[in-house]
Every structure is written in C-alpha cells, then in structure tokens.
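This report describes the nonpolar cores of one model and a strand that takes part in them. Please look over the sequence and structure before reading on.

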Amino acid sequence: MDVDLIVPLKHPRDGKSRLRGALAEERHPDLVLALAYDTLAAVASAAHVRRVLVVAADPAAVSELAALGAEIVPEPEVPGLNEALRHGEALLRAGSPGGVIGALQADLPALRPGDLATALGEAAGRRAFVADRQGTGTTLLLSAPGAPLDPRFGVGSAGLHTRSGATPLAGGLVSLRSDVDTPEDLGHACSLGVGEHTAAVLGTACVPLG
C-alpha cells in the first residue's frame, strides 16, 4: 500500500538548535535546509511513497523543496510538532481517508530509499515506528490504513509510541535511524555518506553518498 508522508519543518534559521556551532552561525540555515533537501531527495526515490506534505513554519523559506515533488503548506496557528503533524494528517486524510499516513523527520541526510521502502513493507499495515539509533527518539511513525497517526513526538518518543500501541520496527534500517540532532550525530551520518546538498555545505568534513 502506498503511503502519504508528512514532514514538519521549522524555519531553517530556528531548526536544529543543538547543531549550532557545527558551522559558522551564518551557515546554520544552509545546513538545516540541506539536511531536509537530502532527506526528501531520498524519499522521492523510495518505492510506495505517494505524496509528501511539508508542514512548514515559513513555506517561502523552504520553497526549493517543491522541486522534489513535495507539497508545502503552512503550519497551524497552534504551535508544536505534534500539532503540525495532526494538521498535515487532516489535510492528507481529505484526499485519502482509508490510506496510510506517515510522519518523517527532516534530518536524515544519509537516508537510503531502500531503508525507507523496507520499513514501509515491514509495517505491513500496522501502526508502527522506527526508533532512532539511540533507541529513545522516533524518525518515522506510520498509521494503520484509515486509522489515526496519533503522534507522540518529543523527549522519549520511542517509549511513548510503544506505550500508545505502535509496533517498533526491528530491521537494521541504519540510514533511517540516523537522524541528526547533534554534531556527533552529524559525524555519524557523514560516516555513512550523505546526500549532495549536505556534503556541499560541509565540504571536506563530510563524505557524500557514493
């Protein structure tokens, strides 16, 4: 079954606060946008992804992502990550009431399309999620067909999603688990190989996908 994905995005100047200092301050927005671009470029090549809806704090600031086929809409007036995801879910449900909805983080610059496709297949119609490599956060949450996504993102989201009934996916899915919150996370992603936009921003400090 095809999946419609929601990708929430802060303004690039405000996102990824724990990454500040990885580059000069004036380059920070470039890095945040590059992470998102490479994430969505991988998603665009993954099997069984039908629509990608970016819920953005400032759609104009991330408008270049539309070149990857993403639909960009403004976030709701009520602030918060889970509120943005519920807003995106409502918009997608209007066109696909019985479909599978997913929430994907926008900081997966090493993402391989095959890992995403494997996760979608492993979920097999269940409400399921992929934990980050530390095992505490969530990089991907999927609904069951026609059922609520019920996002519980935030501190300890992997445990919150488990307790809410979502199935943790057990496959390796290394690139899908490698989100970037800290400079150490960025180094790990670089060791896997990252997309061309992140590699261009970081220069010789990071290895591009080969």
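## The nonpolar cores

The largest nonpolar core holds 34 residues, and Leu140 and Leu176 have the most contacts inside it. A nonpolar core is a set of buried Ala, Val, Leu, Ile, Met, Phe, Trp, Tyr and Cys residues joined through side-chain atoms within 4.5 Å; buried means under 20% relative accessible area, with a 1.4 Å probe and protein chains only. At least two residues of this core come from each of strand 1 (3–9), helix 1 (28–44), strand 2 (49–56), strand 4, helix 3 (113–123), strand 5 and strand 6. Helix 1 gives the most, six residues. A second, separate core has 16 residues, including Ile6, Leu92, Ile101 and Phe153.

The model is predicted: local features need pLDDT of at least 70, side-chain atom pairs count only at pLDDT 80 or more, and totals for chains, interfaces and linings use all residues. Residues are numbered from 1 along each chain as its sequence is written, and side-chain values use heavy atoms, leaving out hydrogens and water.

Helices (H or I, at least four residues) and strands (E, at least two) are DSSP runs, numbered from the N terminus. In strand 6 (residues 138–142), five of five residues are buried. Two strands pair if DSSP finds at least two bridges between them. Strand 6 pairs antiparallel with strand 4 (residues 100–104) over three bridges, and alanine 103 stands opposite leucine 141. Strand 5 (residues 128–131) is joined to strand 6 by four bridges, also antiparallel.

Notes
Buried < 20%, exposed > 50% of the residue type's maximum accessible area, 1.4 Å probe, protein only.
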